[in-house]
Amino acid sequence: MRGFGAFSQVVAVAVFNLRNIPRRLGSSLTAVVGIAGVVAVMVGVLSIAEGIMRTMERSAAPNNVIVLRSGATTEMMSGFGGDSVRLINEAPGIARTEQGLLSSPELFVIINLPKKSTGTDANVPLRGVTPTAFAVRDRFSMVEGRRFRPGLNEVIVGVGAADEFAGLDVGSSVTVSREQWPVVGIFEAGGGLAESEIWVDAAVLQQAYRRGNSYQSVVARLDSGSEFQDFKDALTTNPQLNVKPMREADYYIAQSSTLYRVITGIGTAIAIVMGLGAVFGALNTMYTAVSERRQEIATLRALGFSSGPVVCSVLLESLVLALIGGAIGALLAWLAFDGFRAATMNWGSFSQVTFAFDVNFPLLVRGITFATVIGLIGGLFPAIHAARQPIANALRAL
Amino acid sequence: MKYLAFIWSNLRRSKTRTALTMLSVMAAFVLFGYLTAIRTAFGQGIEVAGLDRLIVRHRVSIIQLLNETMERDIERIEGVADATHLTWFGGVYQKPSNFFAQIPVKPEEYLRMFPELLLDDAEKQAWLKTRAGAVIGRGLAERFGWKVGDRVPIRSGIWSRKDGSDVWEFDIVGIYDVAEKGVDDTQMLFHYDFLEESRQWGSGLVGWYVVRIEDPQHAAEIAAAIDDEFANAPIQTKTEPEGAFAQGFANQIGDIGLIMAGIVSAVFFTILLVTGNTMAHAVRERTNEFAVLKAIGFTDRAVLGLVLGESVFLAVMGGGMGLALAWFVVSLGDPSGGALPGFYIPGRDLVVGLVLVLALALAAGIVPALQARRLRIADALRR
């Protein structure tokens, strides 16, 4: 067998096997569909977690900080008076533009509105803001209607909230403490969390919720040259203040970490169990394939093919099936789930976050890698089994 | 039954194939069981909601507080047997991830309202006597290793004390058990009066009311009567049955049921293919044998039964093991390590699982079985 190297042996046997697949369509299809199902479900579930994470990442601007009462982990639990806001504004490093100091004191409460999909009440975030709020968030833009007029009880609604909850179209109104607040506009915020919220003038919200001159958070933009640490030190060392500043990015990651962990954990557990099922299915397919080809394999080996190429060819067939399955599954998940909009409870803020499922490239790679692992395991044992069969016995069965 | 040995030896003919098929069926049912537990945990409280209990909350949202004095007004409404208030304390033990429910309550009213919480009489008396006393659920006690006599500091994100501190210390005086699986055993309950006398702000304000009604049939009318009572008051309410409240809360997480049904059907479709393919293969392989069986006098129906029997055997063994394994895994605890109370497989879902096992067996076996039945002796033997 000189001149007929191991590689060409592998190729010869593999091509021969692959061309045979249509004859064993039933069992090959089973393996492909099984693996496609696993990959589709895994990518689908994990894309929920990715979507939530992406929303959180888009909520944070690089130079932004958020200041809460110390001890509070969320805006909802936080709270301080207007005098604290004044002291926070005196801290070094806050950027200033022609519109003034880029520091936005805000209020954060929730109101119940029915979810369109279920008709049952959901905790929708309602944020009270001052005009600077629009300046510290640079990807803010109105997509319909106009902004609320200062001092009037008008609200504007994020696109996510308008999609997900009933009664938030321009022209309708929300009921807060026996008053009707008309919706006058719909806004986008670069895909961030704010798109799940309803915004109203802070002064209106203070009055409706009897909050006096108090706020729950301050969102500020720092000068690009200044240090977060200096800003933080100035606030935490001020004896008149009892607040905790955080980088916006850190704050939002912390807000969603529980949700991300739970969904990723559940998604992984499901993928592992389904993957095991698919491994069993693939093993079955490959054992069947090998047993149906006992004589062929024995004949090849009698002709002088060594066992290496036989093992490789079986593995290769299994891998090809797995990759086809993985690719179909990934494609299906992408078609079915990418961009699908939904809302869930963000435990961090005890309110709804609307997001789009995010089937991103790394996730597709993960899905196909998983399929490859299933294919490898599913092919390995049958391959070894095939190579170990005594030639004489197999040929005798002819 | 006399064919059982026959079925068994046929399954043993290709041990690998039988084992692999059983294992893939098993994987499907492990997943089914596990997803059921996840759904139950997310829909916490729906399964065990009291039919005769209503929840009264602020109309705008549950985070807005109600007045302590509303209890009297609610109890005056016809059809209302009892009412008690609860409040959200929003605390954590040592670090934010050690999050669980702490609820300031009126102890006697609370225990009367929730008879599914079982508290030893001596511990109950101790609780009534101890101002800073708290009782905790068995699940919570296990999570943090707390015992009666421990003093635990809880940092509240909402309530600060009059001295400005937000750390409250509680003496654990009792551990309650639950009468039924699914009832939350991860709460800490303590005296509302203890909160009331020490809190810096919000005196006289409570979170929500739980109301017991005399006749569950009139739940809707009584709920409406309660909301009417406060229609013109400074605080308006929204009242709904406990089950609807729990369902609404579960819906906030998302349509877990739908997502779960999607995953389970994808899995079952796959397993159906695997098992169906195995059965078809087994029948094709044995065409000759079936013909021989028929030739020696087996009826068509008996042959059909033999094939279906194999399929049922595979599904029942695989599915049974899968459900048992799921039960075992779920009983080890929830994936988040104690943050998901009510993580278990309800009996009803076990029955659904068994029905699915049989459906799978029939669906996978019926086509090959019909083929085997239709087999004509002469044709088959000629092959």
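**Core and helix packing in a predicted model**

Among the 226 residues of the largest nonpolar core, those that touch the most other members are A:Ile35, A:Val39, A:Val43, A:Val155, A:Met274 and B:Leu31. Such a core is a set of buried Ala, Val, Leu, Ile, Met, Phe, Trp, Tyr and Cys residues joined through C-beta atoms within 7 Å, where buried is taken as 20 or more other C-beta atoms within 10 Å of a residue's own, with C-beta atoms placed from the backbone. Helix 8 of chain A gives the largest share of this core, 19 residues; helices are DSSP runs (H or I, at least four residues), numbered from the N terminus.

The model is predicted: local features need pLDDT of at least 70, side-chain atom pairs count only at pLDDT 80 or more, and totals for chains, interfaces and linings use all residues. Residues are numbered from 1 along each chain as its sequence is written, while chains are lettered from A and ligands numbered from 1 in the order in which they are written.

**Helix 8 and helix 11 of chain A**

- Helix 8 (residues 248–292) and helix 11 (residues 361–388) of chain A pack at about 35 degrees, with axes 8 Å apart; axes are lines fitted to C-alpha atoms over the stretch in contact, and angles run from 0 to 180 degrees between N-to-C directions.
- Residues meeting there include A:Ala271 and A:Gly275 in helix 8 of chain A, and A:Phe370 and A:Ile374 in helix 11 of chain A (contact: C-beta atoms, placed from the backbone, within 7 Å).

**Chain B**

- UniProt, in an unreviewed entry, places "transmembrane region" at residues 256–276, 303–330 and 350–370 of chain B; such annotations may be inferred rather than shown by experiment.
- Residues 303–330 of chain B are 100% helix, with end C-alpha atoms 40 Å apart.
- Residues 350–370 of chain B are 100% helix, with end C-alpha atoms 30 Å apart.

Notes: Helix = DSSP H or I, 4+ residues; strand = E, 2+ residues; numbered from the N terminus. Contact = placed C-beta atoms within 7 Å. Buried ≥ 20, exposed ≤ 12 C-beta atoms within 10 Å, placed from the backbone.
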